Amino acid sequence: MSERGALRVRLDRLVREVVKFGAVGGAGLLVNLLVFNLVRHTTTLPVVRASILATVVAIAFNYVGFRYFTYRDRDKSRRTKELTLFLLFSVVGLVIENGVLYAATYGFDWDSPLQSNVFKFLGIGIATLFRFWSYRTWVFRAQPAAAAVGLPDESFLERAGEGEEKHERPRPHRIRG
């Protein structure tokens, strides 16, 4: 394959990944904003606490979507490590997202429902850039090339020799007596 063709394939894969990430992320965004507004308008929780609760619900929703839709073809051999890294990077995203809302609410006293939603949305956008990079780089790692195409972990030379005639060494005869 030419260098240009290889670049095209990589670009196509990245575009598909971004679209799938965006689909799951978009659904997670709706979950996040719905839970945020529901908690905000039905409880007396302060705005940032309501936002943190909504973000936690969205993180759980997104993990299922990323694992079983966006990155379903990625390495599944280390689920505990994957989940640990996902939660670690999600918490960093939570701090970014809610840090923006906290600054707007308590730093600038922008606390109306519209202002809270605008800064919640802005925080989600900034945190999403971080999450996309960290999830694809550290959490949902690509499988080795052999596993990605469904081949077992053996060299292509071993597979190439499968059809060839095998020569066995003659076994020595034992004399029983």
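User: Which residues does Ala54 touch, not counting residues up to four places away in sequence?

Analyst: Happy to start there, with a word on the model itself. It is predicted, so local features need pLDDT of at least 70 and side-chain atom pairs pLDDT 80 or more, while totals for chains, interfaces and linings use all residues. Residues are numbered from 1 along each chain as its sequence is written, and side-chain values use heavy atoms, with hydrogens and water left out. With contact meaning heavy atoms within 4.5 Å, Ala54 touches Asn32, Val35, Phe36 and Lys120.

User: Is Ala54 buried or exposed?

Analyst: Ala54 is found in helix H2; helices (H or I, at least four residues) and strands (E, at least two) are DSSP runs, numbered from the N terminus. The scale for accessibility is under 20% relative accessible area for buried, over 50% for exposed and partly exposed in between, with a 1.4 Å probe and protein chains only. Because its relative accessibility is 0%, Ala54 counts as buried.

User: What is the separation of the C-alpha atoms of Ala54 and Leu29?

Analyst: Along the chain, Ala54 and Leu29 are 25 residues apart.

User: Which side chain makes a polar contact with the side chain of Lys120?

Analyst: A polar contact is a pair of N or O atoms within 3.5 Å; within protein, one must be able to donate a hydrogen and the other to accept it, and residues adjacent in sequence count only if both atoms are side-chain atoms. Leaving aside neighbours within four places in sequence, Lys120 is in contact with residues including Asn32, Ser51, Glu97 and Asn98. At 3.0 Å, the polar partner is the side chain of Thr55.

User: What covers the buried residues of H4?

Analyst: The buried residues of H4 include Phe119, Lys120, Ile124 and Arg131. What covers them includes H1, H2 and H3.

User: How much space lies in the second largest pocket?

Analyst: On a 1 Å grid over the protein atoms alone, a pocket is an open set of points where a 1.4 Å probe fits, with protein on both sides within 12 Å along at least five of seven lines; lining residues have an atom within 4 Å of a point. This one is lined by 19 residues, and Gly25, Asn62, Ile124, Thr128 and Arg131 lie nearest its centre. Helices H1, H2, H3 and H4 each supply at least two residues of the lining. Grid points are joined across faces, edges and corners, and the volume filled by probe spheres set on them is about 260 Å³.

User: How many helices are there in the protein?

Analyst: Buried residues make up 29% of the 177 residues. Read along the sequence, the pattern is α-α-α-α-α-α. There are 0 strands, and the number of helices is 6.
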